[in-house]
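Here is a short briefing to read alongside the structure.

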Amino acid sequence: MEQHYDVVVIGAGLGGLLSAAQFLGRGRRVAVVERLTHVGGRFTAKPFQGAQVSTGAVHMLPFGSNGVLAGMLRDLRVPHHVHDAEVFGSFHIRGQQLRARSVLALAQVLGRHQYARFLALGAQMFLRNPRPAERDLTFRAWLAQQGVTSATAPDLVLFFARMSHFALSIDLDQVTYPEVCATMKNMFRYGPPGIVDGGCAAVAGALERRIRAAGGTILLNHDVPHILTTNGAATGIIARDRATGTPLTLRAPLVISNIGPIATDALLALGGQECPPHDQRGGQAWPPHAGGGGAATGLKVHVLTKQPFIDHQGIMYCLDTARIAGVVQPSNSDRRLAPPGEHLLITHQLWRPERESIAAARAQALADLTYLLGPPEFGAWRVLTMSQYHDAWPVNRAVQGADAIPQTSVRGLYLVGDAVKPSGYLMVEGVAQSVNALMDAVDRALPDPTTPATHLPPKPPRRRALAWLIAPPAPHPAEPVDLPAAR
Ligand SMILES: Cc1cc2nc3c(=O)[nH]c(=O)nc-3n(C[C@H](O)[C@H](O)[C@H](O)COP(=O)(O)OP(=O)(O)OC[C@H]3O[C@@H](n4cnc5c(N)ncnc54)[C@H](O)[C@@H]3O)c2cc1C
C-alpha cells in the first residue's frame, strides 16, 4: 500500500499538530502519523475520577494569552481561551503563602537585604548583554561570581532554583547564564502564564478538528519504524498499524519529525538507509554542555483537595519544601478540570533518575504535600496520580538552551518540538516557536515569493516588561471562541 502527500509528520504532539496545520494553511496535502490512540502527546489529558489528568503539561501556557502559542492558535483560527495569571506568583516560605502581585511585592518574600541583591542582579540581567566571559557560565556559577550563594542569600538562591525546577525541570547548574537571561526577559515581555480553558486536551482536540476540517489525514495507533531516503533526501516513511501490523508507505518530499533527534536518528538507522546520522544540532555535540545536557526529567503529582489551597490563577513557588518546586491550582481557572466540590492541584519537582530512586522522590513529594496541606488522614486531600517523566517521555527532550536546530543532514527531513526550542522560549512557547523556525528553514530551502520573510513573530516591546513593577501586563483582548467542553 502506498499513499502520496506533500508533507508527512511523524508524531501528533503539539509540535506535529501545529506544523500540520501550518502546511495545510498553505494548501499542502498533509498526513500525521501517531503511535498512540489519541493526539496531543504530552499536551493533552484524560478524564480520571472526574479530573482532567494531563499526560504532561500542567494545563499552562508559560506566556499566557500574549505568548507565541496563543498567537499561533489565533492565526490558525483554532478556538481557545487562556485565563492569564493575575499575579507574578505566590511563594510558600517560612510556613506561609505570600502572594506577590508584582516585582515590587517580592520585597516581602525575600526580605529587605536579599530583595536589594535581587534588584541588583535583575539590573545586570536585563540592562546589559552577557559578557564573553559569562557566556559559558552556568547560572549557579554566575550567581556565585556575584557573591550570591546559599550561604549569603539562601532565599534568593532558592527563588531562582525553584523557578528553574518548576519551569525548566533542571537545576541551576544545568542551564547557562545567557539562557536564563533570555528566558526571563521573555517571561517579562510576553506576560504572565495562563491556564487554557478546558485544559490542554481542549487545545489538542481543537487542533485535531482544525486539521481534519482542512482535509489533513491523521493516522492514530500507527507507529513509524522507518524514514525512507534516497540519495541523502527524505522520500517518505513507513507507517505500521499497531492493531494489525499492516505496513503502509507514505511518500512525501518533506518529512517533519516531532519525536526529537535521537529517536529520529534511530528511524534512519533502523531503515538501513545510507544517510549519515543527524549531525547538525545547533553546532553543539549531543548531549551538549552544562551539567550533562540531555533531557529534562521530573515528577508530577495530581492532587484533589476539599478546600482551595491557592487563591489565584498563577504559580505558587515553594521555597520551604524539601523537593516540590511549585504548585498550580488549574481548577481556579476552569472548574471543569476538577470534580464538583473539589479542587485540582498539580505539583512538579525535579527528579534526576541517575541520582535518586523514584521511590525516594515519591516519598519526598508525599512528605512535602503533608507539610503544605496537613495530614491526609482526615480526607482533606488525596493523591490522584504520581507520574515520572524521563527516557522517551521526559519533561523536555532537550534541556533549555541546548536544543537542536530544525535542519538535519538529510534533505527534506526537519525536526520540530521540544528538542528544537529556540533560545529564550520555554516549554510549549518553545514548541510553537520551533514550528516558526521550521517554516523559516523550509522556506529557505525552497524559496517561495508568496511566503513571509520570517515566521518568527516580533517580540512585544521592552517597555511592556516595566508593567511588572506594579502589576502583570495586560492580557490579550479576549476574542469570542466556540469552546468545546473538556473531555
Ligand atoms: C510533567 C510535565 C509538565 C509540563 N508542564 C508544562 C506546562 O505546564 N506548560 C508547558 O508549556 N509545557 C509543559 N510541559 C512541556 C510540554 O508538555 C512539552 O514541551 C510539549 O508537550 C512537547 O510537545 P512535542 O510536540 O514536542 O512532543 P510530544 O508531545 O512528545 O509529541 C510527540 C508525539 O510523537 C509520538 N511518537 C513518538 N514516536 C513515534 C513514532 N515512532 N511513530 C509515531 N508517533 C510517534 C508520541 O506518541 C507523541 O504523541 C510539561 C511537560 C511535562 C512532562
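The domain bounds used here come from an automatic or database domain assignment. With that in mind, this predicted model splits into domain 1 (2–82 + 197–285 + 400–469) and domain 2 (89–179 + 292–389). Their C-alpha centres lie 29 Å apart.

**Where the domains meet**
- Domain 1 brings 21 residues to the contact, and domain 2 brings 25 residues.
- On the side of domain 1 that touches domain 2, strand S5 (residues 51–54) supplies the largest share, 3 residues.
- That side of domain 1 is made up of 10 nonpolar, 10 polar and 1 charged residues.

**Around the ligand**
- The ligand is surrounded by 36 residues, and the closest are Gly11, Gly13, Gly41, Gly417 and Met427.
- Two or more residues of this shell come from each of helix H1 (14–25), strand S6 (60–61), strand S12 (222–230), strand S16 (298–305) and helix H10 (427–445).
- Sorted by class, the shell holds 19 nonpolar, 11 polar and 6 charged residues.
- Both domain 1 and domain 2 take part, each giving at least three residues to the shell.

**Helix H1 against helix H7**
- The axes of H1 and helix H7 (residues 200–213) are 10 Å apart and meet at an angle of about 30°.
- Because angles under 35 degrees count as roughly parallel, H1 is roughly parallel to H7.
- H1 and H7 cross in a left-handed sense.
- H1 makes the contact with Leu17, Ala20, Ala21 and Leu24, while H7 uses Ala204, Leu207, Glu208, Arg210 and Ile211.
- This H1–H7 contact has 7 nonpolar and 2 charged residues, with no polar ones.

Notes
Residues are numbered from 1 along each chain as its sequence is written. This is a predicted model: local features need pLDDT of at least 70, side-chain atom pairs count only at pLDDT 80 or more; totals for chains, interfaces and linings use all residues. Two residues are in contact if their C-beta atoms, placed from the backbone, lie within 7 Å. Helices (H or I, at least four residues) and strands (E, at least two) are DSSP runs, numbered from the N terminus. Ala, Val, Leu, Ile, Met, Phe, Trp, Tyr, Cys and Pro count as nonpolar, Asp, Glu, Lys and Arg as charged, and the others, Gly among them, as polar. A residue is near a molecule or strand if its C-beta atom, placed from the backbone, lies within 6 Å of it. Axes are lines fitted to C-alpha atoms, for helices over the stretch in contact, and angles run from 0 to 180 degrees between N-to-C directions. Angles under 35 degrees count as roughly parallel, over 145 as roughly antiparallel, 65 to 115 as roughly perpendicular and the rest as oblique. A crossing is left-handed if the near helix is turned anticlockwise from the far one by less than a right angle, and right-handed if clockwise.
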